[in-house]
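Colleague: Can you walk me through this one? I'd like to start with how the chains meet.

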Amino acid sequence: MVFSSLEFLFGYLPISLALYFLVPFKYRNFIIFAVSLAFYGWGEPVYIALMAATIVIDYTCGYFIDKYRANKRLAKKILILSIVLNLGILGFFKYCDFFIVNLSKIAFLSFLKPIGLPLPIGISFYTFQIMSYTIDVYRGEGGVQKNIISFGAYVTLFPQLIAGPIVRYKDIDSQLNSREHSVALFADGARRCVAGLAKKVLLANTAGELFKMYQTIPSDSLSTVGAWTGILFYTFQIYFDFSAYSDMAIGMGKMMGFTFLENFNYPYISKSITDFWRRWHISLSVWFRDYVYIPLGGSRKGTLNTYRNLFIVWFLTGFWHGANWNYIIWGLYFFVLLVIEKAFLLKKLEKLPEFVGHIYALFFIIMGWLIFVFEDTAAGMEYFKNMFGSAGFINSQAVYDLVRTLPLLIVLSLASTPYPKRIYYRLYDRFPSFRSAAPILTAAVLLLSVAFLVDSGFNPFLYLIF
Amino acid sequence: MKNTTAPLCSEKRSKFGDVLVTTLFVLIIFGFSIAIFIIPDKKFSNDENRSLQVFPTYPNISAFTESFFSGDFGKKISDYYADQFPLRDAFVGVKAMTERVMLEKQNNDVIFGKDGSLITRFYYPDVNIIDANIKKINKALSGLGIPAYICVPPRTQDVMSVWLPDGFPEEPSNEAFEALENELADTQIKYIDLRSALLAKADMGEQIYYRTDHHWESLGAYYAYREIADNIGFKPKEPDEFSVKTVTDSFFGTTWSKAGAKWIKPDSIESYEPINGSRFEVDIMKYRDGRGDIARTMDGFYDESCLTTKDKYAYFLSGNYADVSIRKITDEKRETLLVIKDSFVNSLVPFLAQNYDIRLIDPRQYTGKISDIVASGDYCAILCCINMDIISGSDVKIA
């Protein structure tokens, strides 16, 4: 199930909220666990068993790591066992076919055939999340969770189960055992949730449909202007899609008293690629920093090792996004850019006017999405050539479709900046009448999003493929 | 940069606002959730002309379990919400209005055209689909010993340029017809170019397509008939040999349903009857186990009962059937034309039947071979008349 579906908003969500608030606090984690399992199993009920196994494995490992804490070597062995098991499951379900397909290209291995298992929803997200538990317990940064229900609630927590933010155990440890509920928190959560829904339904889906339209244009008719407009729509789609999911997760978390860390911070106003990766999918970058980069030695062991560590992190970041070469290339593309920035470019950029940095960053972000969106690299190359004029600079289709979508493009651009929120706060602070009208606005945006949802069967959720 | 993600500052926070947001949110979420289950399910949507998903029920628990674990139950619930959502029509209208406010010139791939028209938008054609379809049609129609013709009714976008927004790109339409002609050049089938003739009429200001439906109007069909006559070489009836009657002025067609543009006015449908008083019979065949029987005989081309339904275009020949025969009630010996058809032909038949008896075969439903039909009957020619939407967008099943 995805958040931006009618059955979630008008079936699952009210039932879950009602159950959650009707029971006393001590049963609330159990309710979260139960409804989250239902949420997870909705699409692929059989994978509930996989989820249950994962929970039991890591609960047990966490328990024994804590118990044998004094025996460093044993504790470490248990930690390694849990990491191997988690990565093994992820590897089997997500990457098995990728390796099979690539190995079968070798002559004497050509008998290998892909298995074609459906990917368990959100496995990339929750595997990382659950690994942070055993690691945090091992490092002593998070207490052991003795209650398997609370532990299950942490792992399956439906708001962020399938598309993040990836919650590290240490950030949520204390909230599992006690958290506050209030009308103010619920109201904040509802506002955030509606904002996320609107971003997904009104902006991301609309932009996505337009990008899909540009993709159907044959390469001999796709002009430079058309190709750039198309990839621009994808650039907006992926940001609004993904950040909307985080907004809704944070919002629903708040309703239930959880505070999740922010996952996006206006990534398209970045001044460099380094800046971009501090603003984009923050919980993933933080995860790789804390659990891969720093354990490898980070930047403390000389230039060469730093670059090696960065290479590993960015290779893995790319590969995490999908079991395909284009994602690996996409990750390494950022490795190269980040190394160049680290070596000299950042210092150069600082001396130049700000807009140069913005243009530079946006250009490479957009080119990155080009690599990202085309799993078929040959098709990606065709599109790339179109962006640089292989079918002419402009044609009547490009002009017509650009003009008709210009108001939308302006809205999308503004919505990518902090201005709408700043204006909202300013109005809120200055005008008491706006303070009273704002709830009506929230309700209207919710209803408008519902109108778009009702209108359209087009509602693919991009991040479900991870 | 200021920390933009901080919550609203507490001293300015309005308790009233918090309570109101919470109340409205809960009311909307719970209100619609309850309403969808309380309001009785609708079985059919007139606007969309299709059955709706009702709440799935199962005869026993094992049927449910199987459906649940196969994912079928989830799919049905999803469809149920989409189909039965309260105030569905109003919401669809709100979406269309929003697009309009945003100065968007289309909604759900339907263009808000001039003069209150709603036109399906087609993008660049997939030339491979056109090629494959023409190859298949050529294979089925050639070498049968009788002349074969093909005409491809254009889509509204291809001819009603007077309705299209300024600057609308013509290339997608042109490319589709160029690909069609290129492919046909290698075949024995004679191509009848309807688009040029219809474009000329449209440019002169004649309304030859419906504003709210994807079909041509009877007048458009009449001009197509004249073009076909010129190519096959028979003498068409003149306009003054028909009496024209408006049979309904409340026709909301397919593009209206898709666009959600509730502010658009309905179309009217015209019927053409020859003034010489000729009468016609229409036999609709039904097939069971490969054997065909006459399921129903219509008196004339028009089915009045369809005018009270949503799908008023079915007024012509009562809709689409696999195999339909049209005869003039007369003693004179007439030639029979075999027509491979789609729904555009339904409104063309009242004209063609003035010159020929007709056998209509709809390849979307008919499963037999064209060569068998030709071998077992006496036909003067074959006319294939399938519109560009199908030729360029789907797999024509013909053998």
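Colleague: How much area do chain A and chain B bury between them?
Modeller: This is a predicted model. Chain A and chain B bury about 5,500 Å² between them. Carbon and sulfur atoms carry 70% of it.

Colleague: Which residues of chain A lose the most area to chain B?
Modeller: A:Phe10, A:Tyr400 and A:Arg404. Together they make up 14% of what that side buries.

Colleague: And in residue counts, how many of chain A are in contact with chain B?
Modeller: 62 residues of chain A, facing 60 residues of chain B.

Colleague: How many salt bridges are there between chain A and chain B?
Modeller: Four. One of them joins the side chains of A:Asp455 and B:Lys95, at 3.6 Å from N to O.

Colleague: How many residue pairs are in polar contact between chain A and chain B?
Modeller: Nine, with both residues at pLDDT 80 or more.

Colleague: Which helices of chain A each supply at least two residues to the side that touches chain B?
Modeller: Helices H1 (6-22), H9 (183-215), H17 (396-415), H18 (419-430) and H19 (432-455) of chain A. H19(A) gives the most, with 14 residues.

Colleague: What is the make-up of that side by class?
Modeller: On the side of chain A that touches chain B, 40 residues are nonpolar, 10 are polar and 12 are charged.

Colleague: Where do A:Phe315 and A:Phe319 lie?
Modeller: Both are in helix H13 (residues 303-321) of chain A. They are four residues apart, about one turn of the helix.

Colleague: Is A:Phe319 buried or exposed?
Modeller: A:Phe319 is buried, because its relative accessible area is 11% and the cut-off is under 20%. A:Phe315 is partly exposed, at 29% relative accessibility.

Colleague: Back to H9 of chain A. What about A:Gln215?
Modeller: A:Gln215 is in helix H9 of chain A. At 38% relative accessibility, A:Gln215 counts as partly exposed. A:Gln215 and A:Leu284 are 69 residues apart in sequence, and their C-alpha atoms are 29 Å apart in space.

Colleague: Backbone next. What is phi of A:Tyr266?
Modeller: Near 45°, a positive value in a residue other than glycine. A:Tyr266 lies in the loop between helix H10 (224-255) and helix H11 (273-279) of chain A. A:Tyr266 counts as buried, at 11% relative accessibility.

Colleague: And what is phi of B:Asn108?
Modeller: Near 50°, and again B:Asn108 is a residue other than glycine with a positive value. B:Asn108 is in the loop between strand S3 (106-107) and strand S4 (110-112) of chain B. B:Asn108 is partly exposed, with a relative accessible area of 23%.

Colleague: How many helices and strands are there in chain B?
Modeller: 13 helices and 15 strands. The C-alpha trace of chain B spans about 90 × 55 × 40 Å along its principal axes.

Colleague: What share of chain B counts as buried?
Modeller: 52% of its 399 residues. Among contacts in chain B with a separation of 6 or more, 67% come from residues 24 or more positions apart.

Technical notes. Residues numbered from 1 in each chain as written. Chains lettered and ligands numbered in written order. Heavy atoms only, no water. Contact = heavy atoms within 4.5 Å. Buried area = accessible area lost by both parts, 1.4 Å probe. Polar contact = N/O pair within 3.5 Å; in protein donor to acceptor, adjacent residues only side chain to side chain. Nonpolar A, V, L, I, M, F, W, Y, C, P; charged D, E, K, R; others polar. Buried < 20%, exposed > 50% of the residue type's maximum accessible area, 1.4 Å probe, protein only.
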